[in-house]
Amino acid sequence: AAQALAELTRSASPAGGSRFALVGATVIDGTGAPPQENATVLVERDRIAAVGTRVRIPRGVPRIDATGRTVLPGLWDMHAHYEQVEWGPIYLASGVTTVRDVGNELGFITSVRDAIASGRGVGPRLLLAGIVDGDSPQAVGVELAATPEQGVAEVRKYHAAGFQQMKIYSSVAPEVVRAITAEAHRLHMTVTGHIPRGMDGYQGVDDGMDQINHISYIRAMMVGPADSTGATPPLDSTSTEAQRAVQFLKQHGTVVDPTLALYELLLHPASEPVASFEPGITHVAPELADALAHTGAPPADSARARTRFEELLTAVALLHRGGVTIVAGTDQAVPGYSLHRELELYVQAGFTPMEAIQAATIVPARVMGLDREVGTIAAGKRADLVVVDGNPLENFDNLRQVWLVVAGGRRYDPAALWRSVGFSP
């Protein structure tokens, strides 16, 4: 993997120096302020030196004409499993400059993180959540904790390796969850993850979880317990259970990454081509295309699956209207492209285009405590930028039309990045 990363870095090198000015662009700075028309963004090394309509460009600084295009903060994917070094160019080509990995092999992911951070690897900045599972036969990975003492040891191991968070997986026992969250908080880490089997979202949050992965766990909170057959009631957005769940999560400041793009891939009718809702499928490398194309619910289950997906959309809409913090994450769907689809689904759920963009920029930056450095376009902040054709506030599909990416002041041609890993631009 290290050798592959080195080769990718040579083939997907930055296009030009790290001192330049984007001129004539529309700037959406991520704060929620109205776009600035005919603006300039001046980049010096890895920082934004100035932004606005009256920026003085020093003599000799290359000017990049961005007329008719929009500059936004670099996007975040808050639910990734960075399993191959080839994901680096893919994320960047999609405009994603920061990725939170929420479960990986410790030695692999720290090596990739450090290579990218030092400039020896091409890819987005990686923030890491260390995964821990219990000792059940269904346990995932090798970092397992059957006792509170083992849970504490896992937290200390990940903390020493520079992880920002812990990730609870599906078979961790309640007493171990409590031990993990307590030690993580003592070490100024936060805790995200699944709600383990035998627990519900209320118990997970009460036991110290700060964040929850996947909207399905939130839907379960909104519909109440399953019956004796394991079936759950349909989601009623006006029900006491749904309102109680929203109020509880809001009150506790719980952060949710819904991964709607993944659920859509799994729950759409198998007879419906993936390209009908995710055009990125037509661009993926041949090795991935067949596996991704053959997803979805069989005919006998398609009606039930469609209803379930609509309920998940409704759950996201309820959270958003209730003021619960939502950050964009995709899990394992169509690499790179699915972040755009995730945000499109948020718009379907009632987000404004600006709110959807913020769910992948300033909101995750705040959640990860990095909003003073990234997440918006402002002088002094890290130069993580994406330039798209058109204006996504006028036509949200324009967010997919990535023309240029800037990561830490280094600018990249998306087409070259796609081609470097066998994708078509």
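## Around glutamate 342

Let's start with the neighbours of glutamate 342: not counting residues up to four places away in sequence, this residue touches Pro258, Thr259, Leu260, Ala261, Ala328, Gly329 and Thr330 (contact means heavy atoms within 4.5 Å). This is a predicted model, where local features need pLDDT of at least 70, side-chain atom pairs count only at pLDDT 80 or more, and totals for chains, interfaces and linings use all residues. Residues are numbered from 1 along each chain as its sequence is written, and side-chain values use heavy atoms, leaving out hydrogens and water.

Glutamate 342 is found in helix α12, residues 337-348 (helices are DSSP runs of H or I, at least four residues, numbered from the N terminus). Glutamate 342 is buried (under 20% relative accessible area, with a 1.4 Å probe and protein chains only).

## Stacked rings

The structure holds 6 aromatic pairs (rings of Phe, Tyr and Trp, using the six-membered ring of Trp, with centres within 6.5 Å; planes under 30 degrees apart count as stacked). One of them joins tyrosine 337 and tryptophan 418, stacked at 4.7 Å centre to centre with 5 degrees between the planes. Tyrosine 337 lies in helix α12 and tryptophan 418 in helix α15, so this pair ties together parts 81 residues apart in sequence.

## Valine 421

Valine 421 is found in the segment after α15 (414-420), and is buried at 14% relative accessible area. Leaving out residues up to four places away in sequence, valine 421 touches Leu8, Glu86, Pro89, Ile90 and Ala285.

Key
Helices (H or I, at least four residues) and strands (E, at least two) are DSSP runs, numbered from the N terminus. Buried means under 20% relative accessible area, exposed over 50%, partly exposed in between (1.4 Å probe, protein chains only). Lys and Arg count as positive and Asp and Glu as negative; His and the chain ends are not counted. A salt bridge is a side-chain nitrogen of Lys or Arg within 4 Å of a carboxyl oxygen of Asp or Glu. Rings of Phe, Tyr and Trp (its six-membered ring) pair if their centres lie within 6.5 Å; planes under 30 degrees apart count as stacked, over 60 as edge-to-face and the rest as tilted.
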